[in-house]
Amino acid sequence: MKTKVLVVENEILIADDLCATLEELNYQVLEPALNYYSAIEVLQTESVDIVILDIQLGGKKTGMDVAEYIRKHLNVPFIYLSSHSDQKTLELVKDTMPYGYLVKPFNAPDVQTTLAIALSNHSRYANKPASHEKEEKVDLTPMEKVVLRLVADNKTTKEIAEWLSISLSTVKNHRHNICVKLDLPQGTHSLLKWAIENKHTFY
């Protein structure tokens with residue numbers, strides 16, 4: 001039986017090109033999902049073996065949000081697809097624990113190798129217990145996890161905002177939400193203290 005693949009990519013030409021490449025590699029390919037909501041609908045109605053996620057989907061919901069849904073509800077490996085391979089992008093996505101990363105423009109050997117390794121690793125490690133128990137318990141969003149890790153690195157709110165290219169108020173909101181979820185008193189020192197003491201749970 002062929003391995004069934006779902007491609008989540010908002011640029012239809014890239015999605016079609018990737019689907020054609022996958023078919024040439026003898027994968028069974030579903031109709032590509034062009035946004036978060038289409039992806040979730042497919043995942044709720046179809047059985048898939050692996051998902052290829054574009055990180056940016058042209059809306060508020062990203063490929064990382066699809067990844068979080070997969071992690072919470074499905075036992076399916078996923079890999080990211082992006083035109084970016086810089087440190088900031090990798091920092092953003094690594095907490096969602098992808099099984100691979102494809103950089104655009106891709107070629108058939110890269111796709112074949114990445115999927116083969118992802119499927120092999122998933123079959124080997126999928127049933128092992130998760131090591132991020134505290135992280136899962138508090139249900140942090142992908143961006144909150146990134147902010148928390150930067151807090152643990154002793155970065156200030158201003159430095160975090162500059163590093164992630166977001167506003168100070170957005171960072172403050174993330175910090176506030178993290179404190180609420182962790183049941184911590186509001187303030188720089190309480191969050192910093194918790195982040196440093198529990199660094200091993202979210203790195």
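Mentor: Pro 105 is placed in the loop between strand S5 (101-103) and helix H5 (108-125); helices (H or I, at least four residues) and strands (E, at least two) are DSSP runs numbered from the N terminus. This is a predicted model, in which local features need pLDDT of at least 70, side-chain atom pairs count only at pLDDT 80 or more, and totals for chains, interfaces and linings use all residues. Residues are numbered from 1 along each chain as its sequence is written, and side-chain values use heavy atoms, with hydrogens and water left out.

Trainee: What makes the peptide bond from Lys 104 to Pro 105 cis or trans?

Mentor: Its omega is near -5 degrees, and the bond is cis.

Trainee: Why is Met 97 called partly exposed?

Mentor: Buried means under 20% relative accessible area, exposed over 50%, and partly exposed in between (1.4 Å probe, protein chains only). Met 97 has 35% relative accessibility, so Met 97 counts as partly exposed. Met 97 sits in the loop between helix H4 (87-93) and S5, and has a positive phi of about 55 degrees although it is not a glycine.

Trainee: Why does Asn 154 count as exposed?

Mentor: The relative accessibility of Asn 154 is 52%, and therefore Asn 154 counts as exposed. Asn 154 lies in the loop between H7 and H8, and also has a positive phi, of about 70 degrees, although it is not a glycine.

Trainee: Why is H7 called oblique to H8?

Mentor: The axes of helix H7 (residues 142-152) and helix H8 (residues 157-164) come within 10 Å and cross at roughly 130 degrees. Axes are lines fitted to C-alpha atoms, for helices over the stretch in contact, with angles from 0 to 180 degrees between N-to-C directions. Angles under 35 degrees count as roughly parallel, over 145 as roughly antiparallel, 65 to 115 as roughly perpendicular and the rest as oblique. H7 is therefore oblique to H8.

Trainee: Which residues of H7 and H8 make the contact?

Mentor: Met 143, Val 146, Val 147, Leu 150 and Val 151 of H7 meet Ile 160, Trp 163 and Leu 164 of H8; contact means heavy atoms within 4.5 Å.

Trainee: What makes a set of residues a nonpolar core?

Mentor: Such a core is a set of buried Ala, Val, Leu, Ile, Met, Phe, Trp, Tyr and Cys residues joined through side-chain atoms within 4.5 Å. In the largest nonpolar core, of 23 residues, Leu 6, Leu 43, Val 51 and Leu 53 touch the most other members. Another core, of 19 residues, lies apart from it and includes Val 147 and Ile 160.
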